Amino acid sequence: MSPTARQARADRLEAAARSVESAALLLFEDRGFDLVTVDDIAAAAGISARTFFRYFPAKDDVLRGVVRRRAQAVAAALAARPPDEAPMRSVRQAVQEVVAAEDSADVARWVRVVEASLYATRVMLGVSVLEFNGVLAEFLGARLGEAPDDLEPAMLAVAAGAIILAAQTRWYLRGGDLAATISDALTVIDTVIPGGSGTRE
């Protein structure tokens with residue numbers, strides 16, 4: 001199969017998975033994540049349960065997909081930042097760029113679904129740490145010449161990840177522009193000089 005054909009196939013699978021995800025989120029919002037089954041999602045999406053599992057290993061993965069897409073997009077945006085830019089400023093700019101391109105209505109629906117289920121909240125917090133914070137730690141480690149799990153990049157990633165989640169909740173409750181809310185929140189640490197014990201530029 002040629003690269004073009006492989007990409008076209010991947011695009012079709014992604015589009016189909018996003019369609020299933022949209023149907024699932026609407027059901028989660030209407031009935032609650034805990035009460036919706038895979039069969040319910042499959043029926044709403046017009047597919048079989050067997051086909052559902054071609055796209056998602058489990059119901060939880062419908063919600064995980066949102067975090068993973070953002071993590072992948074942020075990783076690509078970080079790779080494009082100027083190499084001489086302050087690391088945390090690069091994080092802020094990359095996250096703002098990615099979030100600005102997202103559909104805020106979809107994000108709000110996802111937040112409503114997650115916050116309404118204690119189980120979903122716990123799962124998504126874990127995914128955020130593993131997926132999203134991992135991307136930040138990889139980037140910061142590379143910029144600082146350290147391993148991603150060294151203290152400085154790891155803790156900066158945790159701090160940024162927590163700020164992003166808190167800012168997203170603040171936006172959900174108060175409204176406004178999501179990308180700007182997250183960007184403003186990240187200014188708390190975007191001028192921290194790594195290794196400077198909290199000093200600022």
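## Core and helix H8

In this predicted model, the largest nonpolar core has 54 residues, and Phe28, Leu63, Val91 and Val95 have the most contacts inside it. Two or more residues come from each of helices H1, H2, H4, H5, H6, H7, H8 and H9. H7 gives the most, with 10 residues. In soluble globular proteins, nonpolar side chains tend to be buried together.

Leaving aside residues up to four places away in sequence, Val95 touches Val74, Phe132, Ile164, Ile182 and Leu186.

Ile164 is among the buried residues of H8; the others are Pro153, Ala154, Leu156, Ala157, Ala160, Gly161, Ile163, Ala167, Gln168 and Trp171. These buried residues pack against H4, H5, H6, H7 and H9.

| Item | Value |
|---|---|
| Residue range of H8 | 151-174 |
| Residues in H8 | 24 residues |
| Span of H8, first C-alpha to last | 34 Å |
| Expected span of H8 at 1.5 Å a residue | 34 Å |

The span is thus close to the expected one. After H8 comes Gly175, with a positive phi near 80°.

H8 also includes Met155. Is Met155 buried or partly exposed? Met155 is partly exposed, because its relative accessible area is 46%, and buried means under 20%. Together with Leu151 and Val158, Met155 forms a nonpolar patch on the surface, and the three have about 300 Å² of accessible area together. An α-helix has 3.6 residues a turn, so residues three or four places apart point the same way.

Terms used. Residues are numbered from 1 along each chain as its sequence is written. This is a predicted model: local features need pLDDT of at least 70, side-chain atom pairs count only at pLDDT 80 or more; totals for chains, interfaces and linings use all residues. Side-chain values use heavy atoms; hydrogens and water are left out. Patches are made of residues with over 30% relative accessible area and no salt bridge: like charges are joined within 9 Å, nonpolar side chains (Val, Leu, Ile, Met, Phe, Trp, Tyr) within 5 Å. Accessible areas come from the Shrake-Rupley method with a 1.4 Å probe; for residues, only the protein chains shown count as cover. A salt bridge is a side-chain nitrogen of Lys or Arg within 4 Å of a carboxyl oxygen of Asp or Glu. Helices (H or I, at least four residues) and strands (E, at least two) are DSSP runs, numbered from the N terminus. Buried means under 20% relative accessible area, exposed over 50%, partly exposed in between (1.4 Å probe, protein chains only). A nonpolar core is a set of buried Ala, Val, Leu, Ile, Met, Phe, Trp, Tyr and Cys residues joined through side-chain atoms within 4.5 Å. Contact means heavy atoms within 4.5 Å. The expected span of a helix is 1.5 Å times one less than its number of residues.
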